2 protein chains.
Amino acid sequence: MFDADIVTSLAKGVAEGDRRALARAITLVESGRADHRDQAQALLARLGTGRQALRVGLSGTPGVGKSTFIEALGLFLTGQGLRVAVLAVDPSSARSGGSILGDKTRMEHLSRDPLAFIRPSPAQSQLGGVARRTREAVALCEAAGFDVVLIETVGVGQSETMVADMSDVFLLLLAPAGGDELQGVKRGIMEIADIVLVNKADGSLKAQATRTCADYAGALRLLRKRPQDPEGYPRAMTLSAIEGAGLPEAWAAVQSLIGWRRDRGLFEATRADQARRWFGDELRAEMMALLTRDPELRARLERLEGDVAAGRMTPAAAARQALAPLEPGSDQT
Amino acid sequence: MFDADIVTSLAKGVAEGDRRALARAITLVESGRADHRDQAQALLARLGTGRQALRVGLSGTPGVGKSTFIEALGLFLTGQGLRVAVLAVDPSSARSGGSILGDKTRMEHLSRDPLAFIRPSPAQSQLGGVARRTREAVALCEAAGFDVVLIETVGVGQSETMVADMSDVFLLLLAPAGGDELQGVKRGIMEIADIVLVNKADGSLKAQATRTCADYAGALRLLRKRPQDPEGYPRAMTLSAIEGAGLPEAWAAVQSLIGWRRDRGLFEATRADQARRWFGDELRAEMMALLTRDPELRARLERLEGDVAAGRMTPAAAARQALAPLEPGSDQT
């Protein structure tokens, strides 16, 4: 059942930036239970959208040193007094049952930093649910007063597109590679990335990293220029997460891109578009909830689903019949 | 406005296997116009689900010789007197504006085969719409009495998952490659593929194709066995689309897999699951249509969307308000 006290205390704790309250609030939005869902919505509505952080999306396949990069970037930012939240998104964890190595052990130093908050990816989740929960977790981190929210994803299916759709800037972390492997980079991802970062530009890989970076820079130049980008973006840069080299330059590139977009109102316009799409997703989810909440509608739905499964009815015809009671002016039967 | 005569004549033509009628019917289901939508639904309902074809999903990135393979397989099947329909699915055509080379020129001989029907991918389409239209196009091809419906996709985003979800068997066509590039194969796709076909096993590439096939066979063995698969599946095979070598073996592998599944009722069970998911998609689409059809609901929706875009309201709260009039027992205002 709905617990108003929990909502009140969580709202207070989150607003005060209490990390334990934030963690509990995120657990609440991650829950599939109907009463938790109600509390989560009440909490989010209570906290509002006043505080906002810079939302940084990050993708990189396993092995590119993503954790090392996040730890290095995170510490670089907290070193400037910025509060940094890291949210991990991994739809594949639904299948694999969560990351083998906990995110906190992956980012040992950052996780001990009082200015940082690290939230591992919830296991057992579908992509749709992941999008909703992650957006809400981002909103909670913003309400908690974090300056930067880093949304990390492994490049599975549409997860990159999903994360890009809730980020102000999207970083793609890559490892030094042979030219052939350029084609290995998923089609479309290049269109999403604002900045491609070639990691491991250190030791024996340094030269190869530089070559790889040049390859990607060339590939990026082939893309038609995006109206929301200044000259030279999307761009490719090298860095060494282990040595920290290139990190300030990478962050400066993020800052200048964001600044350029803010000056032209593109930053806010993009956020408005993202909010509209989020609204659309919520609508679809809520409509499905509405159909399954009411016993009569639910029974009708199950009967029609049976007809469809048995091939007695086309899905579209069944869908129209299922929704007939909702038609404005219908007698609700 | 709704034209019953068109529906009647198209239904007759499609049922008689008239390819021009089929082409027009597919154009109808591809249309976004509301009245076309109604006619398409009426047509599909009229045709029913009596006739069914073997639905074969196929994916392969550009350059693996997909068109050559489809032409070879298609001619191999029509050579046995089977009627073959080829539907192309390319969500990226939304961005790129359709395939550079028309599908019919890609498959010159097959397109002239009276037993074959080739339908190019519609341009300017989102994935969601593509799923709906493709499922309906498949249903139309089945109603037209085709024995095999080949659903082809380039491996963009979720298109493979989407096509696999409307196929009885899913083939993945690959080119000979170095072991490193194994990792280039999109994560998850291996879980979708029933049969991995390494093409270009001819001339100078033959040896490499055999090695690549062995690599994939090894990778497939690492996957946990799927309950719907007999021993040895998913499997990897080599073939040469140009020389036609390996084609009968590949088709035999498809047949034995399908036969095994039919014997155990897995074939029908999978189709029932697919139909249920299709029903769910139709429901979501219809609900959105319902919300935007009614002027009052639409106005309410637009006002709330504005609030969300301006950050005055959380998407979830706005979604609930937008749907309040649909709540059973509400007074519809």
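Start with Asp294(B): select it and you are in the loop between helix H13 (266-293) and helix H14 (295-309) of chain B. This is a predicted model, so read every distance below as computed from predicted coordinates. Show the side chain of Asp294(B) and follow it to the backbone nitrogen of Leu297(B), which it reaches at 2.9 Å.

You'll find seven strands in an open sheet, in the order S3-S2-S4-S1-S5-S6-S7, with parallel pairing. Strand S3 (116-119) and strand S7 (235-238) of chain B stand at the edges with a single partner strand each, so one side of each has no neighbour in the sheet. From one strand to the next, the twist averages 20°.

Next, colour strand S5 (residues 169-174) of chain B. S1(B) runs parallel to S5(B), and four bridges join the two. Pick out Gly57(B) and you can find its bridge partner in S5(B), Phe170(B). Leu58(B) has its own bridge partner in S5(B), namely Leu171(B). Then look towards S6(B): S5(B) and S6(B) also pair in the parallel sense, again over four bridges. There, Leu174(B) has Val198(B) as its bridge partner in S6(B).

Are the residues of S5(B) buried or exposed? Six of the six are buried, so the strand is largely enclosed by the rest of the structure.

**Stop three: a buried pair in chain B**

Keep S1 of chain B in view and select Arg55(B) together with Glu142(B). Their side chains meet in a salt bridge, 2.8 Å from N to O. The pair links distant parts of the chain: Arg55(B) sits in strand S1 (residues 54-59) and Glu142(B) in helix H8 (residues 127-143), 87 residues apart. Both Glu142(B) and Arg55(B) are buried.

**Stop four: over to chain A**

Chain A also has an open sheet to look at: seven strands, order S3-S2-S4-S1-S5-S6-S7, with parallel pairing. Its edge strands are strand S3 (116-119) and strand S7 (235-238) of chain A, each pairing on one side only. On average, neighbouring strands of this sheet are turned by 20° against each other, direction ignored.

Select strand S1 (residues 54-59) and strand S4 (residues 148-153) of chain A. They run parallel and six bridges join them. Within S4(A), Glu152(A) is the bridge partner of Leu58(A). Then bring up helix H2 (residues 19-30) of chain A, which lies across strand S2 (84-89) and S3 of chain A and runs at about 25° to S3(A).

Zoom out and colour by domain. The assignment for chain A gives domain 1 (1-48), domain 2 (50-263) and domain 3 (276-326). The C-alpha centres of domain 1 and domain 3 of chain A lie 29 Å apart.

**Stop five: salt bridges in chain A**

Across all chains, the count comes to 42 salt bridges. Side chains of opposite charge can pair when their charged atoms come close. For one example, select Arg132(A) and Glu282(A), whose side chains meet in a salt bridge at 2.7 Å, N to O. Arg132(A) lies in helix H8 (residues 127-143) and Glu282(A) in helix H13 (residues 266-293) of chain A, so the pair ties together parts that are 150 residues apart in sequence. Arg132(A) and Glu282(A) are both buried.

Note on methods
Residues are numbered from 1 along each chain as its sequence is written. Chains are lettered from A and ligands numbered from 1 in the order in which they are written. This is a predicted model: local features need pLDDT of at least 70, side-chain atom pairs count only at pLDDT 80 or more; totals for chains, interfaces and linings use all residues. Side-chain values use heavy atoms; hydrogens and water are left out. A polar contact is a pair of N or O atoms within 3.5 Å; within protein, one must be able to donate a hydrogen and the other to accept it, and residues adjacent in sequence count only if both atoms are side-chain atoms. Domain bounds come from an automatic or database domain assignment. A salt bridge is a side-chain nitrogen of Lys or Arg within 4 Å of a carboxyl oxygen of Asp or Glu. Buried means under 20% relative accessible area, exposed over 50%, partly exposed in between (1.4 Å probe, protein chains only). Two strands pair if DSSP finds at least two bridges between them. Axes are lines fitted to C-alpha atoms, for helices over the stretch in contact, and angles run from 0 to 180 degrees between N-to-C directions. Contact means heavy atoms within 4.5 Å.
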